[in-house]
Amino acid sequence: METFLDKVAQHLINQHGNCLEDVVVIMPGKRSGIFLQKALKNLCESGLWLPEIQGINDFMIGLQSFESIDPVDLIFEAYTVYNSQVKQADDFNEFLNWAPTVLSDFDDIDRYLVDPNQIFMNLKSVRELEGWELDKWSFDNDQLKPLQLKYLSFWDQLKPLYFGLNEHLEKMNQRRAGLIYRKAHDHFDEAKINDQKHYYFIGLNALSKAETLVIKKMQQHYNAQCAWDYHASIIDDPIHEANFFMHRNLKNLGKGFIDPFNAPLSDKVTVHPSPSFYSQASIANALLEADEDNDSAIILCDEQLLEPVQLNLPELNKAPNITTELPITKTLIHNFCQFLLQINIKHCKSGNRTIYHADLSAILQHPAFKLTSVSRQLQTGIIVSTMSEKNMVYVNQKGLRELLGVHTEFIEKLVFSCKNLQDTQAYIEVICQILLDIKSHQASPILLEQCYHQYTLQCQISKHIEGAKISIDLEAYKLLMRFFLNDYKLSFVGEPLSGLQIMGMLETRSLNFKKLIFVGANEGTLPHDALFKSFIPYDLRRYFGLPGKKNKEAIHAYYFYRLLWPAQEVHLVYNANKSGNDNAEPSRYILQLKYQNLSTQHESSLHLGLTKSEEFVQKTPEILNLVKNYLSQGLSSSAIGTYLNCPLDFFHKNVLRLYEQQEVEEEIQANTLGTILHNALQAFYEQKSTSVLTVDMYNKLEEQIEELLKAEFLKVFYRGSEENGKNRLAFDICRHYLNTFLSHERAILKKGDQIEIISLEDDYTFPITLNDGTEVFIKGKIDRIDRLNGTLRVIDYKSGAQGLVSNKGPELAFSDQNKDKERQLLIYAWLVYQKFKTTDFSCALLFLRDSHKLYTYRQDISLELIESVEKEMALFCENLLNPETIFAENLDPKFPTLLGYPQ
């Protein structure tokens, strides 16, 4: 396969032989220059003197003696100039909201050689028209409102800021990036260019007006030559977005010394829909399994796929060359720093010195925190579990000391480092200490690189804050970090000329490969759906020839299609999962290839073993022994309900004792509310002096409801959790339920009825014998047994909504998961019969929330019913011990399983 760079190399050898020391090659970037050197070496068996290779940006900077100012320095210098020019200047926070966009517009104005006087005048006129009110018929400022005047004054400030900033930077011997391009064009005659050298501009495409005119002058004065990496079919297509810059470059700079690529596009384009975002990496892995050719590349349309792609590479490609850059905003250390910043901002705004449990857990469990020296001395798992057990929603300083002991001060420094929003320096100092601490205990080159860049940037901002004496609060600092780090990327070190190439789209410029695998080929990532921010309206940008969103889309289209031209095999992998927030729309380029008939396209879905299969557990002798051991300890009504919902869940939860991880309960849940009511009633009745209840006893104990409830809340919630928000509402609901219930009980006693308490919250366990002689146990915890006028009652408290309880036989109750209340009453009836050996009693559910009908009775207790219940329980247990049955997963999506199996 003869690539574009092979043709360039051949031309250079033909023109200059093996001695290329007087040749200067200007390319899109340095990486493509390395591949050009390789192509030159392949053509020369004897010695070779390589040419000088520069990036186009380095070439433009080299035409003058000024340095390009660092973006961090630029934003502070711009504010200095702005503050000196405007009487009522915005504070630094407000300035940061608009300054990055304005500075970007300044660069565009300079790169495209627009007359700043003209564009600022037109821009102000456009904004005046927007502020003009039709019914006033006047442009007189006296007719404008104060807000309109302030709006228009903003546009008056741009022109002085533009010229003032340029003059200010000139004195510092520095220039903005855009101004460097303008000056390179305006002062081209003054540039020190070696006229003894031969200049070649190779593989360029999206040239600004300044670059185009500089190259044209290089052609006129120094016989510079150009080579375009273009395809003939796209040049001839008037509507193809990839040719946006082609026609302009060919018209202004000539067709170049290499003919356009004319071979048909590869007919081996295969599209692979992926069932999830990360499974795209597995598809790329499968496509590389039998690939021993080094001339392959994985193109990351979405940079988030870098790590999963690396982890899924086959053994053959375990040492790839990663040429894409990792955005620092996606790194572990940056994530941790930003998280701490957000917590400090929150605490400064609220003035609260307590830590939200999720924030504390996130800090302690963050991978970056685990790299610190303090983390090695903390038992993080125990601390998080303790917060869950105590329901510590908000942890105060006393709670921190209980959890962290001597390390409390370290955590407080992280989350309470700032006294107020203006205390930015204190936060920076803490972050620098953390970075140095991680660095001293870390050997990973990637993490060390992350720490270095974060530390350098923090020190740079701190220096500016001190030197410029600008008040920068934490929110302004957050904007600064977002602005500076948005395009900040970390480079990987590798061997660019061998092995599998993992690249971003930008790094593919001028390069070609036989086999291409695009991952993340979804709309929004191919091309990138980047927001285009500008204060210059679209029509004005178009009139003055400034770039817009269409230009950016054209650049991405060019990158994509030029890769396809010489490729022999192309795979486009995209995420087709439409659930959640994932973007499941394939890239527009996939549809273009299909409908423009540029290529034969095949669609394939690789089998990755991701299809859902039913989970189950066979009853081996070992499993049966576990079941027997469980039944010997007692089978409850709720456990039977778990089995009917999902047998596999029953096995995990009840037999193996595998429980979901306990989490902090921020807002009271239904089961917790029920527990509080149960315990409060138990505590209420335990204070009685006799088993027989009286009206006076209710009158006295009713005054203690508030105190009893608070005590129960403290058992399941951390201090003060019942005082605010939804928990306060839940507390009031509990109090209302208890008052309603006590009023009902008191009304019964006032009528002359007698209530005698027999037992409260007692456990009952009795055995049954199966047909094979195996003895198993049935158990239950009965909330209350009493006598009403001498008649025995079995009562179970319910805090939920009242439900109907049928008096049908027990068969349905032990086969239908929805009959939990009937099943519970029947099991309680059986247990009470075993205890008292009588059927002269009734079973009742007491629904505390229903003030009109508190009791639902089952009064048809008979010996026949008791025997039927025992028979059904025995059948259920025999089924559990039947080796022929399995613990299978319930695939009905209405019943989620304990361990979160996908439904």
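Which residues of α4 are buried? Before I answer, please keep in mind that this is a predicted model, in which local features need pLDDT of at least 70 and side-chain atom pairs count only at pLDDT 80 or more, while totals for chains, interfaces and linings use all residues. Residues are numbered from 1 along each chain as its sequence is written, and side-chain values use heavy atoms, with hydrogens and water left out.

The buried residues of α4 are V72, L74, I75, F76, E77, A78, Y79, V81 and Y82, where buried means under 20% relative accessible area, exposed over 50% and partly exposed in between, with a 1.4 Å probe and protein chains only. Helices here are DSSP runs of H or I with at least four residues, and strands are runs of E with at least two, numbered from the N terminus. At the start of α4, a side-chain oxygen of D70 comes to within 2.8 Å of the backbone nitrogen of V72.

Let me turn to the aromatic rings. Rings of Phe, Tyr and Trp (for Trp, the six-membered ring) pair if their centres lie within 6.5 Å, and planes under 30 degrees apart count as stacked, over 60 as edge-to-face and the rest as tilted. The count by this rule comes to 41 aromatic pairs. In one of them, the ring centres of F518 and F560 are 5.2 Å apart with the planes at 55°, so this pair is tilted. It joins distant parts of the chain, with F518 in strand β15 and F560 in helix α23, 42 residues apart, and both F518 and F560 are buried.

Finally, ring pairs link F76, Y79 and Y82 into a cluster whose members also include W98 and F535.

Terms used. A polar contact is a pair of N or O atoms within 3.5 Å; within protein, one must be able to donate a hydrogen and the other to accept it, and residues adjacent in sequence count only if both atoms are side-chain atoms.
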